[in-house]
Amino acid sequence: MTGRIHSLETFGTVDGPGIRFVAFFQGCPMRCAFCHNPDTWNPDAPVQYEMTPEELLAEVLRYKSFLKKGGVTCSGGEPLMQPDFLIQFLRLCHEAGLHTALDTSGVIFSEKARQALEHADLVLLDIKTLDDSLHKDYTGHTRQNNQAFLDYLHQIGKPTWIRHVLVPHYTDTDQRLTALAQHLSIYNNVERVELLPYHTMGTYKYQELGIPYPLEGIPALSAERHLHAIDLFRRHLHVPVV
Ligand code: SF4
């Protein structure tokens, strides 16, 4: 069994606690309008690495001394598009004493997803929007699985960080932000919320791939609106919001 890995980051600091080895899996079924990694979408596109779980672990272990207070994060793309590889890799990481995190959109909520979660110490769950109709237009999928995923994480008491991209005119409205903050306040497994400002740095990739950019003309989020959103969330939640 081999996994298709778009790229690796050996000293990641933004995908979970501490210094992390981050494996970006190739393939994603979502088509988020704001995605800055459209090159990870196609599961069959050329990749930097095609390796077994054991080979990927061997790569991780070269950096083990740096990962003591951090760990390994599986990101993407959508790691759950390669569930067997993911499960085996996470299991091996655990056997090697490494902290594991799974960064996912929650769009794939299956028995294998539940098995993968047994070997994930932390889940970084992306919530795109709570608005059903916007979610469909914005990602190509309903939000049903994302909600089921969050509910399941709550049910099993899995430590979870929520990630939410603030896009001007789309998700960055006070009404939508308040609704999301209130919604999250009932989930006591949520340990942290990260509000990610929309930026336009990935647009060149759309040009390279010959794909029209869905958010053409939408400006990057201002620092002022980012701080406003953080403040608003902190009024509803008693966990770190950044
Ligand atoms: S889930 Fe992530 S990788 Fe997939 S389209 Fe959305 S932002 Fe891009």
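Residue numbers start from 1 along each chain as its sequence is written. In this predicted model, local features need pLDDT of at least 70 and side-chain atom pairs count only at pLDDT 80 or more, whereas totals for chains, interfaces and linings use all residues, and side-chain values use heavy atoms, with hydrogens and water left out.

A nonpolar core is taken here as a set of buried Ala, Val, Leu, Ile, Met, Phe, Trp, Tyr and Cys residues joined through side-chain atoms within 4.5 Å, where buried means under 20% relative accessible area, exposed over 50% and partly exposed in between (1.4 Å probe, protein chains only). The largest such core has 52 residues, and Leu56, Leu184, Val193 and Phe233 touch the most other members. Helix α2 (residues 83–95) supplies the largest share of this core, with seven residues; helices (H or I, at least four residues) and strands (E, at least two) are DSSP runs, numbered from the N terminus. Returning to Leu184, its contacts (heavy atoms within 4.5 Å), leaving aside neighbours within four places in sequence, are Ile127, Leu150, Ile162, Val193, Phe233 and Leu237.

Leucine 124 belongs to strand β6 (residues 122–126) and is buried, at 0% relative accessible area. Beyond its neighbours within four places in sequence, leucine 124 is in contact with Asp15, Gly16, Thr73, Leu102, Asp103, Thr104, Trp161 and Arg163. Cysteine 74 is 50 residues away along the chain, yet its C-alpha atom is separated from that of leucine 124 by 9.7 Å.

Next comes the ligand. Its surrounding residues, each with a heavy atom within 4 Å of it, are Cys28, Met30, Cys32, Cys35, Thr40, Trp41, Gly77, Ser105 and Lys128. By class, this shell holds five nonpolar, three polar and one charged residue, with Ala, Val, Leu, Ile, Met, Phe, Trp, Tyr, Cys and Pro counted as nonpolar, Asp, Glu, Lys and Arg as charged, and the others, Gly among them, as polar.

Two loops hold backbone features worth a look. Glycine 77, found between β4 (71–75) and α2, is joined to glycine 76 by a cis peptide bond with omega of about 10 degrees. Histidine 169, in the loop between β7 (160–166) and α6 (174–184), has a positive phi near 70 degrees although the residue is not glycine. Histidine 169 is exposed, with a relative accessible area of 60%.
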